[in-house]
Amino acid sequence: MKRSYLMGALVLVVGIIQTFTSLAVKAQNSYLDSIDQDKDGYISIKEAVSDPNLLAVFGKVDVNGDGKISAQELSETNLLEN
């Protein structure tokens with residue numbers, strides 16, 4: 001009986017974690033889509049001008065230095081948590 005309660009609690013915790021992870025990914029994608037004016041899947045420096053916070057950290061977020069921010073690079077920053 002005690003074991004089934006523990007399993008139920010574990011399933012609940014995993015479900016909550018998946019929900020929050022999914023929400024974070026949706027927020028990131030929504031943010032990228034709102035800034036990505038040419039809809040190429042990247043944020044260029046010209047597009048970053050529309051968000052002063054992003055523009056201020058553009059060089060740090062663009063870790064590979066290609067002049068654009070990918071969804072992967074965006075996900076590795078805490079910019080959306082501010």
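These notebook entries record what I looked up in a predicted model of a protein.

**Entry 1: ground rules.** I noted that the model is predicted, that local features need pLDDT of at least 70, that side-chain atom pairs count only at pLDDT 80 or more, and that totals for chains, interfaces and linings use all residues. I also noted that residues are numbered from 1 along each chain as its sequence is written, and that side-chain values use heavy atoms, with hydrogens and water left out.

**Entry 2: overall layout.** I found 4 helices and 2 strands in the protein; these are DSSP runs, numbered from the N terminus, with helices (H or I) of at least four residues and strands (E) of at least two. Their order from the N terminus is α-β-α-α-β-α. I then looked up burial: 22% of the 82 residues count as buried (buried means under 20% relative accessible area, exposed over 50%, and partly exposed in between, with a 1.4 Å probe and protein chains only).

**Entry 3: helix H3.** I asked which residues of helix H3 are buried. In this helix, residues 52–61, they are Leu54, Phe58 and Val61. Viewed down the axis of H3, the buried residues fall within an arc of 95 degrees, so they line one face of the helix (the arc is that of the directions from the helix axis to the C-beta atoms). Pro52, Ala56, Gly59 and Lys60 are exposed on the other side of H3. For lysine 60 I read a relative accessibility of 72%. Its C-alpha atom is separated by 9.1 Å from that of threonine 77, which is 17 residues away along the chain. At the start of H3, I saw that a side-chain oxygen of aspartate 51 comes to within 2.9 Å of the backbone nitrogen of asparagine 53.

**Entry 4: lysine 39.** I located lysine 39 in the loop between helix H1 (2–35) and strand E1 (43–44). Lysine 39 counts as exposed, at 56% relative accessibility.

**Entry 5: isoleucine 45.** I found isoleucine 45 in helix H2 (residues 45–48). Is isoleucine 45 buried or partly exposed? Isoleucine 45 is partly exposed, because its relative accessible area is 41%.

How values were computed. A polar contact is a pair of N or O atoms within 3.5 Å; within protein, one must be able to donate a hydrogen and the other to accept it, and residues adjacent in sequence count only if both atoms are side-chain atoms.
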